[in-house]
Amino acid sequence: MAEDWSAELRRAAAYVEAHAADFEQRWAQWLRIPSISADPAHRPDLERAADWLLEQFRGLGLTAEKIPTAGAPLVYAESPPVQGAPTALVYGHYDVQPAEPIQAWESPPFEPTRRNGAMYARGATDDKGQLLTHLWSTEAWLRAVGRLPVQLKFLIEGEEEIGSSHLEQFLRDRPQRAVCDCVVISDGAQFGPDQPAICYGLRGIAYYELRLKGPKRDLHSGSFGGTVTNPANALAQMLAGLVDERGRIQIPGFYDDVTPLSAEERERLASLPFDEEKFLADLGVSGATGEEGYTLLERRWARPTFDIHGLWSGYQGEGAKTVLPAEAGAKFSFRLVPYQDPAKITLGLRQRLQELCPPGIQMELLETHGTPAVLAPVESPYVQAAVRAIQQAFGRPPVFIREGGSIPIVAAFQQAFPIPVLLVGWGQDDDNTHAPNERLRLVDFHRGIQASIYLWAELALAFPRH
Ligand SMILES: [Zn+2]
């Protein structure tokens with residue numbers, strides 16, 4: 001018979017209510033530490049932020065340690081195993097983005113301020129506030145009930161904003177530390193205000209730099225134009241040759257591994273309350289673009305894409321200069337969907353660029369980084385446990401969404417252990433993540449804590465192993 005947790009859940013929920021102010025106050029304390037990973041001058045702040053977290057874990061009686069790396073330390077904590085119940089691993093990060101431009105902040109980025117029902121500070125949502133919801137739910141269980149329904153592990157890093165390289169290394173070298181049945185990550189947003197969501201798919205990415213060399217020096221376009229291949233012209237032609245007018249990417253084998261969207265999934269995406277006109281108006285654009293035959297949300301989340309990120313060549317200064325530049329270059333990437341392999345994309349891309357490369361041009365293609373896409377089955381009992389937890393905390397069921405971006409560490413977790421990753425974000429799209437005036441609404445913070453309290457019980461109930 002499955003265990004009934006209702007009495008324990010009431011006690012944990014009462015603890016959270018009684019400690020709401022204390023939770024906010026400790027959250028603000030952590031936000032005061034400017035743990036900016038991109039800036040080496042803030043290295044001591046990364047240590048302080050890690051130490052603060054370590055102290056919280058130890059205060060709860062968890063086994064916790066700070067694991068040094070060649071960069072910022074990892075913080076690892078675990079509760080005792082629970083017989084017959086799964087182990088969930090919470091991943092999050094204590095580092096934050098730089099706060100610039102500082103003058104655009106209405107209150108200083110590292111002086112957490114409560115206004116309009118939200119906490120404003122760098123890291124308020126990304127990821128200190130969202131991560132803390134899981135720590136506070138753990139505290140509520142341990143203090144009010146005396147134990148957790150499942151074993152919890154916390155693996156928290158300080159380099160998410162700069163590429164997670166040392167965490168990836170740790171997962172490769174010491175995977176046994178992170179062995180678990182599912183990973184829980186709150187580092188994203190709900191679908192809209194009061195519309196919680198579970199993200200079940202992330203796109204991957206394949207990122208490149210293309211360098212073209214033409215004549216051995218810059219030339220006069222009057223004397224040489226029309227005879228010597230201009231690398232800037234060649235670059236424009238080659239990049240244009242990677243996609244056709246219907247938005248289809250022109251690389252051999254590019255779509256071979258792309259599975260068509262099922263009718264059921266297309267229906268699910270179409271049923272989301274999404275206002276395309278408002279979406280475009282918010283961005284200040286008069287129309288959308290993309291692959292023919294797909295809706296905007298399908299193109300944004302579930303179809304592969306091509307985008308140029310940077311272009312350089314020739315004269316960039318004031319006025320005119322009639323140069324035929326010796327070099328040109330570009331950075332660009334493809335967003336990938338499940339089952340596309342970045343290495344295979346590179347092979348096809350190289351072949352296509354060689355076909356497109358005109359005489360007189362030497363090309364060099366650099367592969368910057370590649371991450372495969374991630375897809376979690378929505379029928380999985382772990383996902384369904386999260387659905388029930390969110391339903392109870394938010395008073396309505398979550399919608400299932402996908403995300404157009406990539407979270408490399410999620411792909412790394414899935415490569416280390418093929419287990420479900422639950423992406424449950426409590427923030428909102430307009431919380432100014434990475435921008436001035438970052439915030440997290442207090443109501444979302446507290447509902448996140450409640451949902452997390454339910455989640456540990458639901459995960460235990462979903463797996464009665466007697
Ligand atoms: Zn984040």
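Me: Which residues have the most contacts inside the largest nonpolar core?
Reply: Val 183, Ala 386 and Leu 422. That core has 107 residues. Bear in mind that this is a predicted model.

Me: Which helix gives the largest share of this core?
Reply: Helix α14, residues 442-462. It supplies 11 residues.

Me: And where does the core lie relative to domain 1 and domain 2?
Reply: Between them, because both domains give residues to it. Domain 1 is 6-202 + 373-462, and domain 2 is 204-258 + 304-370.

Me: OK, overall picture. How many helices and strands?
Reply: The protein has 14 helices and 18 strands. Its radius of gyration is 25 Å, close to the 23 Å from the globule rule for 466 residues, so it is as compact as a globular protein of that length.

Me: What does the C-alpha trace span along its principal axes?
Reply: About 85 × 50 × 45 Å.

Me: What percentage of the residues is buried?
Reply: Buried residues account for 42% of the 466. As for contacts between residues at least 6 apart in sequence, 80% join residues at least 24 apart.

Me: New topic: α1 and α4. At what angle do they pack?
Reply: About 115°, with the axes 8 Å apart. Helix α1 is residues 6-18, and helix α4 is residues 128-145.

Me: Is that crossing left-handed or right-handed?
Reply: The crossing of α1 and α4 is right-handed. On the α1 side, the contact is made by Glu 8, Arg 11, Ala 12, Ala 14, Tyr 15 and Val 16. From α4 come Trp 136, Ala 140, Trp 141, Arg 143, Ala 144 and Val 145.

Me: Now Leu 336. Which strand is it in?
Reply: Strand β13, residues 327-336.

Me: Buried or exposed?
Reply: Leu 336 is buried, because 25 other C-beta atoms lie within 10 Å and the cut-off for buried is 20 or more.

Me: What is Leu 336 in contact with, leaving aside neighbours within four places?
Reply: Its contacts include Arg 203, Gly 204, Ile 205 and Ala 206. Also among them are Pro 304, Pro 342, Ile 345, Pro 372 and Ala 373.

Me: And how many Å apart are Leu 336 and Thr 113?
Reply: They are 39 Å apart, C-alpha to C-alpha. In sequence, 223 residues separate Leu 336 and Thr 113.

Methods: Residues are numbered from 1 along each chain as its sequence is written. This is a predicted model: local features need pLDDT of at least 70, side-chain atom pairs count only at pLDDT 80 or more; totals for chains, interfaces and linings use all residues. Helices (H or I, at least four residues) and strands (E, at least two) are DSSP runs, numbered from the N terminus. The radius of gyration is taken over C-alpha atoms; the globule rule is 2.2 Å times the number of residues to the power 0.38. A residue is buried if 20 or more other C-beta atoms lie within 10 Å of its own, exposed if 12 or fewer, and partly exposed in between; C-beta atoms are placed from the backbone. Two residues are in contact if their C-beta atoms, placed from the backbone, lie within 7 Å. A nonpolar core is a set of buried Ala, Val, Leu, Ile, Met, Phe, Trp, Tyr and Cys residues joined through C-beta atoms within 7 Å. Domain bounds come from an automatic or database domain assignment. Axes are lines fitted to C-alpha atoms, for helices over the stretch in contact, and angles run from 0 to 180 degrees between N-to-C directions. A crossing is left-handed if the near helix is turned anticlockwise from the far one by less than a right angle, and right-handed if clockwise.
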